[in-house]
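Please read the following account alongside the sequence and the model.

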Amino acid sequence: KRYNRNIYRDYGTRHCYDCNACIYEHDHHCPWTGKCIGGNNIRYFNFFIASLFIHLFYVIFTSIQASTDGQSHHRMHAHHIHRGH
């Protein structure tokens, strides 16, 4: 343990002033989760970020696909109306 600013800390920890706690292998304080990211939860945080990106790409892909499907359907419908079918 080491002594810093009237706080005893284990080696490998860093004090987070947002949480007012010492975090093992502290990486950062995440403003979206409101928690510190460190050695005990970095895997869960990485999974969280990966799932957000997968969801984001899925939403963008399905939105583009729905948009292009709607435009091609509109063009086909307009083509049939123009030809008198």
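Is F45 buried or exposed? The model is a predicted one, in which local features need pLDDT of at least 70 and side-chain atom pairs count only at pLDDT 80 or more, while totals for chains, interfaces and linings use all residues. Residues are numbered from 1 along each chain as its sequence is written, and side-chain values use heavy atoms, leaving out hydrogens and water.

F45 has a relative accessible area of 13% and is therefore buried; buried means under 20%, exposed over 50%, and partly exposed in between, with a 1.4 Å probe and protein chains only. F48, at 32% relative accessibility, counts as partly exposed. Both residues belong to helix α1 (residues 42–83), 3 residues apart, or about one turn of the helix. Helices (H or I, at least four residues) and strands (E, at least two) are DSSP runs, numbered from the N terminus.

A search of the whole structure gives 2 aromatic pairs. F45 and F48 form a tilted pair, 6.4 Å centre to centre with 45° between the planes. Rings of Phe, Tyr and Trp (its six-membered ring) pair if their centres lie within 6.5 Å; planes under 30 degrees apart are stacked, over 60 edge-to-face, and the rest tilted.

Helix α1 also holds L56, which is partly exposed at 41% relative accessibility.

Next comes the loop between β4 (21–24) and β5 (28–30), where E25 lies. H26 is in the loop between β4 and β5 as well. E25 is partly exposed at 44%, whereas H26 is buried at 13%. Leaving aside residues up to four places away in sequence, E25 touches G12, T13, I37, G38 and G39, where contact means heavy atoms within 4.5 Å. With neighbours within four places likewise left out, H26 contacts R14, C16, C36, I37 and G38.

Confidence is given by pLDDT, from 0 to 100 for each residue. The protein averages 82, and 71% of the residues score at least 70. Among its elements, strand β1 (residues 2–4) has the lowest mean pLDDT (52) and strand β6 (residues 35–37) the highest (95). Where pLDDT is low, the predicted coordinates should not be read in detail.

Key. pLDDT is the predictor's confidence in each residue, from 0 to 100.
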